[in-house]
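Visitor: I have a structure to go through and some time. Can we walk through it together?

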Amino acid sequence: MNAITTPDALNLARIQFAFTIAFHIVFPALSIGLASFIAVLEGAWLKTKNPVYKELCLFWSKVFAIGFGMGVVSGVVMSYEFGTNWGGFSSFAGPVTGPLLAYEVMTAFFLEAGFLGIMLFGWNKVGPKAHFGATLMVAIGTLISTFWILASNSWMQTPQGFRIDGDHVVPVSWFKIIFNPSFPYRLAHMAIAAFIVAGLVVAASGAYHLLKGRRDPAIKTMFSMSLWLLLVLAPLQALVGDQHGLNTRKYQPAKIAAIEGLWDTEKGGTALNLFGMPDMQAETTKYALSVPHLGSLLLTHSWDGEIRGLKSFPKEDRPNSPVVFWSFRIMVGLGVLMIGLAFAGFALRRKGQLFESKTFQRCALAMGPAGFISLLAGWTTTEAGRQPWVVYGVMRTAQAVSPVTAQQVGVSLMVFVVVYTLVFGTGIYYLLKLLKAGPALPGQTTRAPRMDDHNPTARRPLSVAAHSIEGA
């Protein structure tokens, strides 16, 4: 650890990065899911010529534009933090993480930026097939971005394909770096999470308008489509999460022990702590409600599988168990509710009551933010569970921080809190207002945005939402 960097500065730098990434991650997740949803809607419109699909495409393109704009702004800030607060990490791991992030910019961001204008403003400028092609490119771009970001972050979780030369790493095999052991599981888990986030937002929007008395085809269509998506992806996410857990047990056993609040290595079968209060000082989980052998069944797929306890790791190498213990349970608990919502919707659909049950619609509306909360809880589990390492087993977080003072980081953190509250608070308000307005009513058609509209803000992504809000 740098001699002039105090523990307070380290902790403040971690808080600042956690704060900024919490704002950032939710918007790209929404954009990733919505981009593919919009592409499906536009493809359905091209095939059937049903105007409902085009109306929904135009409406959700506006929501996508807001999320995309806020995601870009928040992402730029984070890139600067690597230099200002985490210079040690940038210097040490830059030869690996730098090119991976550069690939993301060159292959994904440029693709999105190149076709975004056509997707949002090109309805009256290019043919239907060309416009659909642009929408597909934007959707593919969001997925390519996910690929590279997860490759970089997964390498930090399960690093391989490098050697250490002096004070920095040197790539040896880019194939091993990119396709590191945890990458396939984390990529699938994150991509599905993004689709679920978007699906829950669409379902909540549809439920809101159904509760307000709208029964037009646009509302019913988007509500129905989102529930079909959740019916497939929510259970699939549980299966992917299970495989991800097996991979984590193999490569990051301390993280698994912290998640489970497991202190002693139990022979002949490990119990699962459903609830409890892990105590890092006492090295025990107080008030634990345990189920014998369930830990072995879930984490090793055997009755008597052995799981290492936290006491088998040096104290300085243990993650903060209380944090990851509860963040993991929040994620899993919300995941169970998502599966329940999806199957309840399927049962109501079979009874012909999907659009009539107000109780179900209220539940769908209440679950709207669940995807974001679960996403943040999952990332907290992943990142806090990796501590005290920034590159697992290779570089400690304390070695990654820049030589900054607590005052410097504290002042910038306060500025971030104020600015983010104003900027993103306004953006979220704008987004909610647009969702409240909903798609155009029957007999009204939303005019496709054009770059030559008489609108002084027509070249900004958020401006494409103006017409729907003003006409609500």
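Visitor: How many salt bridges does the structure hold?

Guide: The structure holds 10 salt bridges. A salt bridge is a side-chain nitrogen of Lys or Arg within 4 Å of a carboxyl oxygen of Asp or Glu. This is a predicted model, in which local features need pLDDT of at least 70 and side-chain atom pairs count only at pLDDT 80 or more, while totals for chains, interfaces and linings use all residues. Residues are numbered from 1 along each chain as its sequence is written, and side-chain values use heavy atoms, with hydrogens and water left out.

Visitor: OK, what does Asp264 pair with?

Guide: Asp264 forms a salt bridge with Lys311, and their closest N and O atoms are 3.4 Å apart. The pair links distant parts of the chain, 47 residues apart: Asp264 is in the loop between α8 (253–260) and β3 (272–279), and Lys311 is in the loop between α9 (294–300) and α10. Those labels are DSSP runs numbered from the N terminus: helices are H or I with at least four residues, strands are E with at least two.

Visitor: What about Glu383 and Arg386?

Guide: Their side chains meet in a salt bridge of 2.9 Å, N to O. Both residues lie in helix α12 (residues 370–386), 3 residues apart, about one turn of the helix. An α-helix has 3.6 residues a turn, so residues three or four places apart point the same way. Glu383 counts as buried at 17% relative accessibility, and Arg386 counts as buried at 5%.

Visitor: New topic. Which residues have the most contacts inside the largest nonpolar core?

Guide: Leu34, Trp60, Phe64 and Phe223, in a core of 102 residues. A nonpolar core is a set of buried Ala, Val, Leu, Ile, Met, Phe, Trp, Tyr and Cys residues joined through side-chain atoms within 4.5 Å. The largest share of this core, 18 residues, comes from helix α1 (residues 7–48).

Visitor: What is Phe64 in contact with?

Guide: Leaving aside neighbours within four places in sequence, Phe64 is in contact with residues including Ser31, Leu34, Leu116 and Val138. Contact means heavy atoms within 4.5 Å.

Visitor: Which residues of α11 are buried?

Guide: In helix α11 (residues 358–366), Phe360, Gln361 and Ala364 are buried. Seen down the axis of α11, these buried residues fall within an arc of 100°, so they line one face of the helix. The arc is that of the directions from the helix axis to the C-beta atoms. On the other side of α11, Thr359, Arg362 and Ala366 are exposed.

Visitor: What do the buried residues of α11 pack against?

Guide: They pack against α6 (183–211), α7 (217–251) and α10 (321–351).

Key: Buried < 20%, exposed > 50% of the residue type's maximum accessible area, 1.4 Å probe, protein only.
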